[in-house]
Amino acid sequence: MNILILSCDTGGGHNTAGLAVLEEFLSPNLTYYLVAGGSMGAGKVKKLVKYLVLSRRSQEHIIVICGKNDSLKHALSHRF
């Protein structure tokens, strides 16, 4: 997996997404870039993710936490 896009309700606590990633997807032998924004907007997330995708090495993976931003999740899912 080269890019993981998470969208989840934080009703179970703010660490819900982070714990899911730690338990299911992360390997101690790989490098990860975590992209996350707050509820006030994260700026140019799509541009940042595009840059990371184009410049990453084979052992580098990208995790994007979209929270409840379905528009961002949809845009990134279709693009990457």
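This is a predicted model: local features need pLDDT of at least 70, side-chain atom pairs count only at pLDDT 80 or more; totals for chains, interfaces and linings use all residues.
## Overall fold

Let's start with the chain as a whole. The protein chain holds 3 helices and 3 strands, and these follow one another along the sequence in the pattern β-α-β-α-β-α. Among the strands are E2 (31-36) and E3 (residues 60-65), while the helices are H1 (16-24), H2 (residues 45-55) and H3 (residues 70-79).

Counting contacts in the protein chain with a separation of 6 or more, 73% come from residues 24 or more positions apart.

## Burial and surface

The protein chain has 80 residues, and 24% of them count as buried.

## How H2 and H3 pack

A pair of packed helices is described by the angle between their axes and the distance between the axes. For H2 and H3, the axes come within 11 Å and cross at roughly 25 degrees. Angles under 35 degrees count as roughly parallel, so H2 and H3 are roughly parallel to each other. The crossing in which H2 passes H3 is right-handed.

Now for the residues that make this contact. H2 contributes Val-45, Lys-46, Val-49 and Lys-50, and they meet Leu-72, Ala-75, Leu-76 and Arg-79 of H3. By class, the residues of this contact comprise 5 nonpolar and 3 charged, with no polar ones.

## Ala-75, a residue in the helix contact

Ala-75 belongs to helix H3 and is among the residues that meet H2. Its relative accessibility is 25%; buried means under 20% and exposed over 50%, so Ala-75 counts as partly exposed. The C-alpha atom of Ala-75 is separated by 8.1 Å from that of Lys-46, although these residues are 29 positions apart along the chain. Lys-46 is itself one of the H2 residues in the contact.

Turning to the strands, Ile-65 is found in E3. Ile-65 has a relative accessible area of 23% and is therefore partly exposed. Leu-34 lies 31 residues away from Ile-65 along the chain, yet their C-alpha atoms are separated by 7.7 Å.

What is the setting of Asn-29 in the chain? Asn-29 sits in the loop between helix H1 and strand E2. With a relative accessible area of 66%, Asn-29 is exposed.

Technical notes
Residues are numbered from 1 along each chain as its sequence is written. Side-chain values use heavy atoms; hydrogens and water are left out. Axes are lines fitted to C-alpha atoms, for helices over the stretch in contact, and angles run from 0 to 180 degrees between N-to-C directions. Helices (H or I, at least four residues) and strands (E, at least two) are DSSP runs, numbered from the N terminus. Angles under 35 degrees count as roughly parallel, over 145 as roughly antiparallel, 65 to 115 as roughly perpendicular and the rest as oblique. A crossing is left-handed if the near helix is turned anticlockwise from the far one by less than a right angle, and right-handed if clockwise. Contact means heavy atoms within 4.5 Å. Ala, Val, Leu, Ile, Met, Phe, Trp, Tyr, Cys and Pro count as nonpolar, Asp, Glu, Lys and Arg as charged, and the others, Gly among them, as polar. Buried means under 20% relative accessible area, exposed over 50%, partly exposed in between (1.4 Å probe, protein chains only).
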